[in-house]
Amino acid sequence: MIKVLIVDDSALIREVLSRTLGKDGDILVVGTAEDPLEAREKVKTLNPDVVTLDIEMPNMNGLQFLEKLMRLHPLPVVMVSTLTTKGASETLLALELGAVDFVAKPSATLSGGLEAFGENLRQKVRAAANSDVKSRSMRATAPVVAVRTAAAPRGSLIAIGASTGGVEAIRVVLSTMPLDCPPIVIAQHMPEGFTSRFAQRLNDTIELKVLEAEDRMVLENGHVYVAKGDYHLRVERSSGQLKCRLTQDELTSGHRPSVDVLFESVAKQVGPMAVGAILTGMGKDGARGLKMMREAGAYTVGQSQSSALVYGMPRVAFEIGAVIEQAPVEQITARLANALTRIKSAA
């Protein structure tokens, strides 16, 4: 049984979450709290496996509580957020502070209704229970391997896919990426409205130019293109240029954007001139596409189990032979840069 503590100032939301989480029988709500002060005491007495946390609460902001919790008593936390611009910014900050994942609060406009919300919440609580929060907390000060130049040949491309835990993992990979790197395309599982804020936060914190991808946008060196929430991102070659293509066709591997969709397009359009990385995340999205990239001659790397918050997507990719090697997240930029150098030497 996964023991969960619900922290939310709304009695209605606490009731909805309690009923929803207990539906399948493998998750037990051991307690609820209406503010962080009450939650602090219940964390000590109830010893939950996972905490669900609201942001806007009385007595102490949820972000302040999260920061203290991750520093003093690291636990897997799933944020229950509002789908607003302000909510998106605060949720991304929560993920940077150490939250494992987030779900949008149930509402009358929520796609799929309460049933879909409940299934999504239970899946993320299960993933959170299996995540390695304490190891990530200890690795927060791990040295990142510096890279001076990507030595990128013309026409090359970097493709990255991630899910749970990807916000921080992507930031680490991009933080040391040199300015002369080839275009970088990213599929991160995230709903519409959150990806624009994610791109903006990355743009504000790293030296590369980070954008939310737009249809037919030309890919440029030193630029990062984040797949738009609820849209698939593909790479196409047109008039001698690599461009973004955005579509809303059916979910692939259960997701839109799908890492498989992005990687498969990279395999077909860029082939051996591409390098790819699959980072932390639950499920198997991206494994098939990364294998296609490897079979097309691309260099591929998976985040190692020791550094992945959720060793799901990288594990499946490794098991089916999609990755050439695995590496800690702090070393992935250097591995990608070295592969680009080998491509240039062979060109």
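Start with the open sheet: seven parallel-paired strands in the order S8-S9-S7-S6-S12-S13-S14. Strands pair if DSSP finds at least two bridges between them. Strands (E, at least two residues) and helices (H or I, at least four) are DSSP runs, numbered from the N terminus. Look at the edges: S8 and strand S14 (325-327) each have a single partner strand, so one side of each has no neighbour in the sheet. On average, neighbouring strands here are turned by 20 degrees against each other, direction ignored.

A note on what you are viewing: this is a predicted model, in which local features need pLDDT of at least 70 and side-chain atom pairs count only at pLDDT 80 or more, while totals for chains, interfaces and linings use all residues. Residues are numbered from 1 along each chain as its sequence is written, and side-chain values use heavy atoms, with hydrogens and water left out.

Select strand S7 (residues 184-188). Three bridges join S7 to S9, and the two run parallel. Pick valine 185; its bridge partner in S9 is tyrosine 225.

Now show helix H8 (residues 194-205). H8 lies across S7, S8 and S9, at about 175 degrees to S8. Helix H9 (residues 259-269) also packs on the sheet, touching strand S6 (157-162), S7 and S12. The direction of H9 makes about 160 degrees with that of S6. Such angles run from 0 to 180 degrees between N-to-C directions, with axes fitted to C-alpha atoms, for helices over the stretch in contact. Contact means heavy atoms within 4.5 Å.

**The nonpolar cores**

Which residues have the most contacts inside the largest nonpolar core? They are Ile160 and Ile184, in a core of 78 residues. A nonpolar core is a set of buried Ala, Val, Leu, Ile, Met, Phe, Trp, Tyr and Cys residues joined through side-chain atoms within 4.5 Å. Select isoleucine 160. Among the residues it touches are Ile184, Val185, Leu262, Phe263 and Ala277. Apart from this core lies another, of 31 residues, including Ala159, Ala267, Ala287 and Leu290.

**Glycine 286**

Go to glycine 286, in the loop between strand S12 (274-278) and helix H10 (287-295). Is glycine 286 buried or exposed? Glycine 286 is buried, because its relative accessibility is 0%. Buried means under 20% relative accessible area, exposed over 50%, and partly exposed in between (1.4 Å probe, protein chains only). Leaving out residues up to four places away in sequence, glycine 286 touches Val259, Asp260, Phe263 and Ile278.

**Salt bridges**

The structure holds 22 salt bridges. Each is a side-chain nitrogen of Lys or Arg within 4 Å of a carboxyl oxygen of Asp or Glu.

Select arginine 171 and glutamate 168: their side chains meet in a salt bridge (2.6 Å, N to O). They sit three residues apart in helix H7 (residues 166-175), so about one helical turn separates them.

Next, glutamate 119 and arginine 122. Their closest N and O atoms are 3.3 Å apart, and both lie in helix H5 (residues 113-129). Glutamate 119 is partly exposed at 32%, whereas arginine 122 is buried at 3%.

Finish with glutamate 236 and arginine 216, a salt bridge at 3.7 Å. Glutamate 236 lies in strand S10 (residues 232-238) and arginine 216 in the loop between strand S8 (209-212) and strand S9 (223-226), so the pair ties together parts 20 residues apart in sequence.
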